[in-house]
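Me: I am new to this structure and would like to go through it step by step. Could we start with how its parts are described?

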Amino acid sequence: MNVADSELMAQVLDEEYDLTVQAEDADLYLINTCAIRRKSEEKVKSLLGSLKFLKQKRPQLILGVGGCVAQQEGERLLASAPHLNLVFGTKGIYRLPGLVDRAVRGERVVDVALERDFPDPPHRSWSQGTVQTMVTIMCGCDNFCTFCVVPYVRGRETSREPGAIVDEIAAFVAAGGQEVTLLGQNVNSYGRGLPEPITFPQLLRRLNGLPGLNRLRFATSHPRDLSPALINAFGELSALCEHLHLPVQSGANRVLKRMNRGYTREHYLGKVAALRQACPGIALSTDLIVGFPGETEADFRQTLDLMREAGFDQAFSFKYSPRPQTRAATFPDQVPEDVKTDRLTRLQALQDELTQKAHARLVGQEQEVLVEGRSKRSPQELGGRLRTNQVVNFIGPRELVGRLARVSITEAHPHSLKGRWVQGSSTG
Ligand code: 5AD
Ligand code: SF4
């Protein structure tokens with residue numbers, strides 16, 4: 001989501017500014033920030049400190065901080081950093097040109113207004129050879145999970161008009177695009193509050209009908225709102241990739257209740273079973289929090305147990321981090337840091353095992369890869385992703401970049417797969 005927002009910042013400023021790769025050359029330096037855990041917030045403060053030297057070398061440099069930490073801190077951020085010119089919140093992106101102008105004229109600017117509507121994004125154009133893009137379809141969240149700062153920094157849930165989404169994606173596909181990831185904090189509840197009644201599965205169906213769109217993904221889904229219609233879409237829509245990110249957070253009902261998640265482990269596992277029935281090859285990934293206030297060893301083991309039962313292909317796991325304004329931050333039974341660290345280590349060891357098993361199952365299969373470019377580790381190799389989202393590296397001609405290729409999976413590694421190109425196969 002932050003990558004998409006950073007791209008949006010570059011787009012709205014496209015008329016006045018070009019991107020530079022050298023920070024020392026910049027006239028304008030914007031830091032996009034995340035407030036989801038304390039660590040990300042600390043990174044912002046230290047980066048901001050280290051940029052003092054840049055400002056000394058180039059006094060005319062305009063330095064700005066945007067995104068969720070900016071939304072949360074507002075004026076305080078400006079007060080804490082005298083070399084900072086501009087603070088803009090999560091909706092301030094759309095007003096950036098005007099805000100930057102004011103900063104250039106010498107004003108120290110703060111814009112953290114969090115209005116309700118979904119502002120019109122700028123007209124997007126894609127350079128030749130861009131095969132993947134992200135499209136934001138909604139912003140904000142109304143769920144108020146007790147650990148989460150998002151509803152406070154991104155505001156109320158608002159959906160974007162379906163016509164604008166379809167037009168944007170049709171233009172991307174017309175320019176040669178192949179894969180789109182739809183973004184929102186809780187895409188399952190897409191459509192609520194729009195004048196034209198539409199559900200998320202209906203939006204997916206409209207996009208699935210766009211000729212040339214080979215791969216459709218989305219993030220993130222809330223398990224409570226995962227409807228039977230959405231589950232069935234995985235078996236029915238040819239463009240919809242066989243992968244779902246479905247954050248469970250915990251496997252213990254007591255913890256889920258105190259998190260205000262609105263489902264039980266039994267509900268969650270029931271949805272996993274339904275997904276596997278509708279789409280047998282589906283890959284599942286999740287988010288997990290360890291050391292939520294009051295989490296006991298027994299609760300934690302329930303999480304490990306659920307991970308095994310759900311058979312996650314991938315998990316993003318975090319130590320609980322108390323966030324300003326959230327209810328869980330005030331819970332009295334906070335878990336000690338060393339217990340969190342121990343649980344995270346054990347959880348990640350289990351997930352490594354599960355991932356390895358999932359990878360091993362793919363060995364020997366022929367699969368479709370969307371080739372993204374050269375592999376990061378070994379430049380003679382190409383790298384891309386399967387429909388089920390695993391990274392595959394293989395040796396093949398450079399002309400395959402941006403195309404779909406058939407690859408036979410030969411080796412399973414902890415974070416990726418190795419494959420052999422099935423000669424002559426490529427489309428798109
Ligand atoms: N502490 C730790 N992890 C958190 N997440 C959200 N809030 C917190 C927090 N306070 C995690 C959740 C969410 C992911 C994006 O970040 O697992 O799904
Ligand atoms: Fe945060 Fe996601 Fe819960 Fe919304 S649904 S409050 S974004 S964890």
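Reply: One term is needed at the outset: contact means that heavy atoms lie within 4.5 Å. Please also keep in mind that this is a predicted model.

Me: Understood. What does helix α14 lie across?

Reply: Helix α14, residues 337-362, lies across β13 (366-374), β14, β16 (404-412) and β17 (417-421). Its direction is at about 120 degrees to that of β16.

Me: And what do strands β13, β14, β15, β17 and β16 form?

Reply: These 5 strands close into a barrel, in the order β13-β14-β15-β17-β16, and their pairing is mixed. From one strand to the next, the twist averages 50 degrees.

Me: In which sense do β14 and β15 pair, parallel or antiparallel?

Reply: Strand β14 (residues 382-386) and strand β15 (residues 391-395) are antiparallel, and 4 bridges are found between them. Within this pairing, R385 stands opposite V391 of β15.

Me: Let me move to the open sheet. Which strands are in it?

Reply: The open sheet has 3 strands in the order β10-β11-β12, and the pairing is parallel. Both β10 (243-245) and β12 stand at the edges with a single partner strand each, so one side of each has no neighbour in the sheet. Neighbouring strands here are turned against each other by 10 degrees on average, direction ignored.

Me: How many bridges join β11 to β12?

Reply: There are 6 bridges between these two parallel strands. As an example of facing residues, T286 is opposite A315 in β12.

Me: Which polar atoms come up against ligand 1, and at what distances?

Reply: A polar side-chain atom of Q249 lies 2.6 Å from an oxygen atom of the ligand. For F147, a polar backbone atom is 2.9 Å from a nitrogen atom of ligand 1. The protein covers 87% of the 410 Å² of accessible area that ligand 1 has on its own.

Me: What surrounds ligand 2?

Reply: Ligand 2 is surrounded by C141, N143, F144, C145, F147, C148, V150, P151, Q185, H222 and R261. This shell divides into 7 nonpolar residues, 3 polar residues and 1 charged residue.

Me: A last topic, the backbone. Where is the cis peptide bond?

Reply: The cis peptide bond joins A219 and T220, with omega at about 0 degrees. T220 is in the loop between β9 (215-219) and α10 (228-236).

Me: And what is the phi of N260?

Reply: N260 has a positive phi of about 60 degrees, although it is not a glycine. N260 lies in the loop that runs between α11 (253-258) and α12 (265-278).

Definitions and conventions. Residues numbered from 1 in each chain as written. Chains lettered and ligands numbered in written order. Predicted model: local features only at pLDDT ≥ 70, side-chain atom pairs only at ≥ 80, totals over all residues. Heavy atoms only, no water. Pairing = 2+ DSSP bridges. Axes fitted to C-alpha atoms, helices over the stretch in contact; angles between N-to-C directions. Polar contact = N/O pair within 3.5 Å; in protein donor to acceptor, adjacent residues only side chain to side chain. Areas by Shrake-Rupley, 256 points an atom, 1.4 Å probe, with all protein chains shown as cover. Near = heavy atom within 4 Å. Nonpolar A, V, L, I, M, F, W, Y, C, P; charged D, E, K, R; others polar.
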